[in-house]
Amino acid sequence: MARSRASLRTTSAAAATGILFTGLLTATPSVREATGTVARTVGDARFEPGPCPRTPEPVAVLERARCGTLTVPENRTKPDSRPIKLRVAIVAAAARKPEPDPIVWLAGGPGDDAVGEATMAVDGGLNRDRDVIFMSQRGTYSADPVLTCRTIDEFNARAVGLVYDAPATGRRHVEATRSCRDQLADRGADLAAYNDIESAADYADLRRTLNIPRWNVFGISYGTHLALVYMRDHPEGIRSVGIDGILPPSTAGSALTWSSARQGFDGLFKACAEQPACDRRYPNLSATFDRLVRDLEAKPVATVVTPPGSPNPVKVVLDGGALVNWLTSATHLATGVPRSLDELAHGEPRRIAEQWAGGKISPHSFGRTSHGLAYGVFCSEWVPYETEAEAMRAGRAAFPAFPRSVLAQAPQLTFLRPDCAVWDVPAAPRSIRDVTRSDIPTLALSGGFDSQTGAANGPYVARTLPRATVVTVPYEPHVVFATSKCAQSITASFFDTPTAPITGCLKDLKPPEFEIAP
């Protein structure tokens with residue numbers, strides 16, 4: 001999810017149109033020859049070959065990609081809606097004779113740009129036998145218009161020196177959100193058009209304009225949310241769907257983030273307890289964490305650190321809410337978590353403070369996330385269908401020892417309700433919260449340490465996906481494809497045979513060796 005993607009992974013390595021169309025080429029060439037090389041219009045959508053999308057840093061795999069632009073209406077419910085442009089990059093299969101059905105990649109966030117994730121996909125071997133297609137979701141970095149907001153990124157950087165969940169911090173937080181909204185609206189953005197319903201229709205249009213009879217879908221993090229909406233609203237032409245780090249549209253919101261945090265934290269704490277050296281050096285880690293949250297919420301700790309890559313020292317304030325949100329991302333650096341918590345418990349906050357600040361003040365965190373898309377999803381699809389009381393009850397059930405002030409702000413979604421009040425977009429149709437029912441073969445991947453989208457989400461979505469295979473990769477954080485060779489192998493075998501992926505590598509996985517301080 002967008003707010004979690006300013007995460008420690010960065011610093012550690014981070015509608016339905018249903019149109020049947022005619023008039024296409026009568027003799028369809030092979031997918032490899034055709035995909036991305038032919039201009040084509042289908043209904044209100046048009047694809048045109050062209051230069052590859054811009055990226056914040058060079059992406060080597062794009063040097064050999066076939067690229068272009070999909071033009072679609074910004075708001076399909078309005079006949080006079082302006083056109084917007086979504087950039088497309090197609091990375092060729094490594095095989096000499098690729099399979100005819102490519103894979104389309106759905107990025108995380110909401111608000112991340114799929115094109116920027118091309119290296120992750122290729123490094124994981126996703127293009128072994130199939131072309132992989134990346135399209136910038138509407139509003140993201142390489143799209144036009146781009147709905148990024150430095151005002152929010154700059155506030156997030158300053159906020160490391162503020163008490164995380166204090167009312168005064170909340171007021172500044174909401175003002176940054178209001179400023180972002182005003183900027184985007186002044187530039188003419190129809191903010192009500194940035195949501196899953198429109199994005200799903202974008203992908204349906206992309207497949208048709210590329211003249212692809214059948215393709216596969218692979219979504220990570222928020223991309224799983226979009227994938228589940230897409231396969232529900234536009235099932236035609238989908239051979240199989242892989243989802244990794246699962247966020248069900250039917251339950252997404254603050255309550256779900258609390259249960260996910262509980263699952264991921266427990267997975268990590270249990271792994272430490274089962275490792276004799278870790279358990280001896282850091283006993284009762286869960287209790288230590290709970291105590292630290294309470295103590296820091298009562299008396300926040302301020303320190304000054306110089307995060308890696310930063311030229312200047314920064315003030316960092318750690319309260320209970322900050323510690324919870326740090327750990328939500330720190331499961332990506334699981335081996336150091338017990339030591340970091342122990343050091344904090346003994347009066348040394350440096351390691352946690354550096355990590356907490358590092359992702360937020362890094363230049364890589366500025367101007368990349370589409371806050372327009374993120375709030376479009378949060379404020380039309382999540383907040384209208386979850387009460388504040390429901391979110392609080394879920395937090396209390398997951399973490400009964402936490403103070404109310406911590407429970408009032410769900411992990412990754414701090415001050416979301418007042419943010420959405422100023423974002424001011426209409427609620428999506430209630431059907432957006434329907435479960436996805438489909439017989440499309442689906443691979444539901446989760447990580448045992450995933451504290452952002454808990455592993456229980458896999459079995460949950462599979463209840464209404466009768467041809468789903470549910471896989472939890474132990475000892476891995478959010479988005480296992482990015483970190484686990486086993487997950488990459490399972491994913492490749494799934495796209496080979498969607499009803500029978502090979503999961504044997506799971507039995508050989510070992511827990512990590514946690515850092516043990518002298």
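This is a predicted model: local features need pLDDT of at least 70, side-chain atom pairs count only at pLDDT 80 or more; totals for chains, interfaces and linings use all residues.
**Exercise 1: an aspartate in a loop**

Find where D450 lies, decide whether it is buried or exposed, and list its polar partners.

*Solution.* Start with the location: D450 belongs to the loop that runs between β11 (442–447) and α18 (457–462). Next, check the accessible area. The relative value for D450 is 1%, and buried means under 20%, so D450 is buried. Now look at the side chain. A polar atom of the D450 side chain lies 2.8 Å from the backbone nitrogen of Q452, and the D450 side chain also makes a polar contact with the side chain of H478, at 3.0 Å. Finally, widen the view: leaving aside neighbours within four places in sequence, D450 touches G245, S260, G264, E476, P477, H478 and V479.

**Exercise 2: strand β7 and its partners**

Work out which strands pair with β7 and which way its side chains point.

*Solution.* Take one partner at a time. Strand β5 (residues 103–106) is joined to β7 by 4 bridges, and the two run parallel; here L106 has G219 as its bridge partner. Strand β8 (residues 238–244) is joined to β7 by 6 bridges, again in parallel, with F218 standing opposite G242. From β7 the chain passes through α7 to reach β8, a right-handed β-α-β crossover. Then sort the residues: W215, V217 and G219 point one way, while N216, F218 and I220 point the other way, and all are buried. With 6 of the 6 residues of β7 (residues 215–220) buried, the strand is therefore largely enclosed by the rest of the structure.

**Exercise 3: aromatic rings**

*Solution.* The structure holds 20 aromatic pairs.

**Exercise 4: helix α14**

Explain why α14 counts as largely enclosed, and name the helices it packs against.

*Solution.* Count first: 12 of the 12 residues of α14 (residues 371–382) are buried, so the helix is largely enclosed by the rest of the structure. Among them are H371, Y375, E381 and W382. Then list the surroundings: the buried residues of α14 pack against α4 (150–158), α5 (167–186), α6 (196–209), α7 (222–233) and α17 (416–423).

Methods. Residues are numbered from 1 along each chain as its sequence is written. Side-chain values use heavy atoms; hydrogens and water are left out. Rings of Phe, Tyr and Trp (its six-membered ring) pair if their centres lie within 6.5 Å; planes under 30 degrees apart count as stacked, over 60 as edge-to-face and the rest as tilted. Buried means under 20% relative accessible area, exposed over 50%, partly exposed in between (1.4 Å probe, protein chains only). A polar contact is a pair of N or O atoms within 3.5 Å; within protein, one must be able to donate a hydrogen and the other to accept it, and residues adjacent in sequence count only if both atoms are side-chain atoms. Contact means heavy atoms within 4.5 Å. Two strands pair if DSSP finds at least two bridges between them. A crossover is right-handed if, with the strands pointing away from the viewer, the path from the first strand over the helix to the second runs clockwise.
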